[in-house]
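Morning, everyone. Please bring up the sequence and the structure, and I'll talk you through them.

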Amino acid sequence: MKIQMVDLGRQYREIKGEIDDSIQSVVDSGQFILGPDVKELEHDLADYVGVKHAIGCGNGTDALQIALMSLGVGPGDEVITTPFTFVATAEVAALLGAKTVFADVREDDFNIDPKEVERKITGKTKAIVPVHLFGQPAMMDELVEISSSRGVPIVEDAAQAFGAEYKGKKMCSLGKIGCVSFFPSKNLGAYGDGGMIFTSDDDLAKKMRAIVSHGSEKKYYHDYIGVNSRLDTIQAAILRVKFRRLDRYNELRSGFAGKYTERLKGAVGTPRTFSDRKHIFHQYTIRTGRRDQMLDYLKENGIPSAVYYPVPLHLQKAYQYAGYKAGDFPISEKLSREVLSLPMHPHLLDEEVELITATIKRFLGK
Ligand SMILES: *Cc1c(COP(=O)(O)O)cnc(C)c1O
């Protein structure tokens, strides 16, 4: 029994027939670019999220970039996001010439703190980008309130939270625009790169639909400066097979999260859940003061674990130009020293969770 952080092999063996057929049918059709599977998937996912438009694109990073492009983000503008996340958000704002302004996270959900967002808004703020980290929704009511009172749109980074809910609504339906990633290890993962953008705003949808294809609505007529970022038809076909199982997979993740928590409560910091939010456990992340030693001990015992994320973005070398320093975002910095993500995927086994938690307790002498 070799435990993995994410076991895509086990998943493939379960759905091999359908996956292989879906790939073969695209190859047979010869419609590799914007074939019918892309349209079908866009339609189904827009319905699922509860928005009017879904636009496939090349990956989750592009989804964020295209969202910011559609809002006209450029040099001189500011984009507010969290420093405790994957680098993509800060990266795309920087690529567009805008300044990434960080706002610290909350200790209970690891997500951007609406009070900090409020403090960071200026006349130059063009977008607020909350990240629903590890599958836990951010405090959307408070963020939406700030967004409407200050007239600054929200772009949700739901790369880790497709299927998560806030007060009964799916993530990507609460902000002006929502972005997801279909990177293979995400909750809805392709067999390569992929992403999607969601909105109910007709004008933005039209513009984003053009931007993904070189800024053109009509071939060889270019209304905007765009990019080449389309969702591959083979990936869309694979995603359609996996989407049919997404809710069940997310339930399985929650079940394993419950088992982890039951066994680890009191020994380490376990993830918070909230009655009005549905956490889909993209990661199951614990906190411990002896993080690095615990990681080594688990490794020696054949158990993988990972640190998401060891260096908050404001302290990354590439972002030094922004002028932040250690101590600026104390909660993000503390979390980056204490978090440890354990194996989490829908095909875990109870015995694996038992072995992992027993090993952690042995390390702690409990
Ligand atoms: C994965 C991820 C992205 C980027 O998605 P890609 O498809 O890898 O480009 C962006 N934001 C967060 C929070 C992510 O986890």
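Let's begin at the ligand. How far is an oxygen atom of the ligand from an N or O atom in the side chain of Thr-61? The answer is 2.5 Å. Keep in mind that this is a predicted model.

Who else is around that ligand? In total, 13 residues surround it. The closest are Gly-60, Thr-61, Asp-157, Ser-181 and Lys-186. Gly-60 uses its backbone: an N or O atom there lies 2.7 Å from a ligand oxygen. Ser-181 uses its side chain, with a polar atom 2.6 Å from an oxygen of the ligand.

Now zoom out to the domains. The domain assignment gives two entries: domain 1 covers 8–243, and domain 2 covers 246–364. Their centres, taken over C-alpha atoms, are 24 Å apart.

Next, the interface. On the domain 1 side, 48 residues are in contact with 40 residues of domain 2. The size of an interface is often given as the accessible area lost when the parts come together. Here, the area buried between domain 1 and domain 2 is about 3,900 Å². Carbon and sulfur atoms give 56% of that. Which residues of domain 1 lose the most area to domain 2? Arg-10, Phe-134 and Asn-187. Together they make up 19% of what the domain 1 side buries.

On to the polar side of that interface. There are 6 salt bridges between domain 1 and domain 2. Polar contacts across the interface come to 27 residue pairs, both partners at pLDDT 80 or more. Which elements of domain 1 each supply at least two residues to the side touching domain 2? Helix 1 (8–29), helix 4 (88–95), strand 3 (99–102), strand 6 (165–166) and helix 8 (233–243). By residue class, that side of domain 1 divides into 24 nonpolar, 10 polar and 14 charged.

Another pair to look at is Lys-39 with Glu-42, where the closest N and O atoms are 3.3 Å apart. Both residues sit in helix 2, residues 36–49. They are 3 residues apart, about one turn of the helix.

Last topic: backbone geometry. Two spots to check. Start with Leu-34, in the loop between helix 1 and helix 2. Phi of Leu-34 is near 50°, a positive value in a residue other than glycine.

Then go to Tyr-309. Is the peptide bond from Tyr-308 to Tyr-309 cis or trans? The bond is cis, with omega near 10°. Tyr-309 lies in the loop between helix 10 (291–300) and helix 11 (330–338).

That's my tour. Over to you.

Key. Residues numbered from 1 in each chain as written. Predicted model: local features only at pLDDT ≥ 70, side-chain atom pairs only at ≥ 80, totals over all residues. Heavy atoms only, no water. Domains from an automatic or database assignment. Contact = heavy atoms within 4.5 Å. Buried area = accessible area lost by both parts, 1.4 Å probe. Salt bridge = Lys/Arg side-chain N within 4 Å of Asp/Glu carboxyl O. Polar contact = N/O pair within 3.5 Å; in protein donor to acceptor, adjacent residues only side chain to side chain. Helix = DSSP H or I, 4+ residues; strand = E, 2+ residues; numbered from the N terminus. Nonpolar A, V, L, I, M, F, W, Y, C, P; charged D, E, K, R; others polar. Near = heavy atom within 4 Å.
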